[in-house]
Amino acid sequence: MALPSKTNQIVSLSDASKLTGNFRKSAGEAAIKGQSFWNETLQKILEQKGCVAVRFYYAQKDDGAQTLVAVGVDQDGNDLTGGILGEDSFPCPPFCGGPNQLNS
């Protein structure tokens, strides 16, 4: 299936805060709030020939820890599975930075 037409995916801090707050309320205090990837990893994925987006798959390590798998996506919506994939994102908590509207 082809990707939808481009839309403005930028969100205001107020709207983003509401969205992340909704998740925290439903997921509970022990839940992972987010995952981070280093800039270099995302750049390597995005620099692949034909890559127009990045898809993040929810994943779980053998020890039960939540993680994400990142993969480039072509204009037809296909995962670029023959290319560079990202994993080993670092979770929040404990790597949340200071409290802010998105994580508190």
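How do the residues of the lining of the largest pocket divide into nonpolar, polar and charged? The lining holds eight nonpolar, six polar and two charged residues. The model discussed here is a predicted one.

## The largest pocket

The largest pocket contains about 450 Å³ of space. It is lined by 16 residues, and those closest to its centre are A16, T20, K33, G34 and L102.

Two elements, α1 (13-27) and β1 (34-36), each contribute at least two residues to the lining of the largest pocket. The largest share, five residues, is supplied by α1.

## The second largest pocket

In the second largest pocket there is about 330 Å³ of space. Its lining consists of 14 residues, of which I32, G34, Q35, Y58 and L68 are the closest to the centre. Two or more lining residues come from each of β1, β2 (53-60) and β3 (66-73).

By residue class, the lining of the second largest pocket comprises nine nonpolar residues, four polar residues and one charged residue. G34 is named among the residues closest to the centre of the largest pocket, and G34 is also named for the second largest pocket.

## The hairpin of β2 and β3

Strands β2 and β3 pair in the antiparallel sense, with eight bridges between them. Together they form a hairpin in which five residues lie between the two strands. Within the turn, G64 has a positive phi of about 95°.

## Salt bridges

The structure contains three salt bridges. One of them joins D79 and R55, whose closest N and O atoms are 2.3 Å apart. This pair links distant parts of the chain, since D79 lies in the loop between β3 and β4 (85-86) and R55 in strand β2, 24 residues apart. D79 has a relative accessible area of 23% and is therefore partly exposed. R55 is likewise partly exposed, because its relative accessible area is 26%.

K61 takes part in a salt bridge with E87, where the closest N and O atoms are 3.9 Å apart. K61 belongs to the loop between β2 and β3 and E87 to the loop between β4 and β5 (90-92), so that the pair links distant parts of the chain, 26 residues apart. Both are partly exposed, K61 at 31% relative accessible area and E87 at 40%. The side chain of K61 also meets that of D88 in a salt bridge, at 3.2 Å from N to O. D88 is in the loop between β4 and β5, 27 residues from K61.

## The disulfide

Which cysteines form a disulfide? The link is between C92 and C96, with their sulfur atoms 2.0 Å apart. A search of the whole structure finds one disulfide. The link of C92 and C96 is right-handed, with 105° about the S-S bond.

Are C92 and C96 buried or partly exposed? C92 is buried, because its relative accessible area is 9%, under the cut-off of 20%. C96 counts as partly exposed, at 22% relative accessibility. Another cysteine, C51, counts as buried at 14% relative accessibility.

Definitions and conventions: Residues are numbered from 1 along each chain as its sequence is written. This is a predicted model: local features need pLDDT of at least 70, side-chain atom pairs count only at pLDDT 80 or more; totals for chains, interfaces and linings use all residues. Side-chain values use heavy atoms; hydrogens and water are left out. On a 1 Å grid over the protein atoms alone, a cavity is a set of points where a 1.4 Å probe fits but cannot get out, and a pocket is an open set with protein on both sides within 12 Å along at least five of seven lines; lining residues have an atom within 4 Å of a point. Grid points are joined across faces, edges and corners, and a volume is the space filled by probe spheres set on the points. Helices (H or I, at least four residues) and strands (E, at least two) are DSSP runs, numbered from the N terminus. Ala, Val, Leu, Ile, Met, Phe, Trp, Tyr, Cys and Pro count as nonpolar, Asp, Glu, Lys and Arg as charged, and the others, Gly among them, as polar. A disulfide is a pair of cysteine sulfur atoms within 2.5 Å. Buried means under 20% relative accessible area, exposed over 50%, partly exposed in between (1.4 Å probe, protein chains only). Two strands pair if DSSP finds at least two bridges between them. A salt bridge is a side-chain nitrogen of Lys or Arg within 4 Å of a carboxyl oxygen of Asp or Glu.
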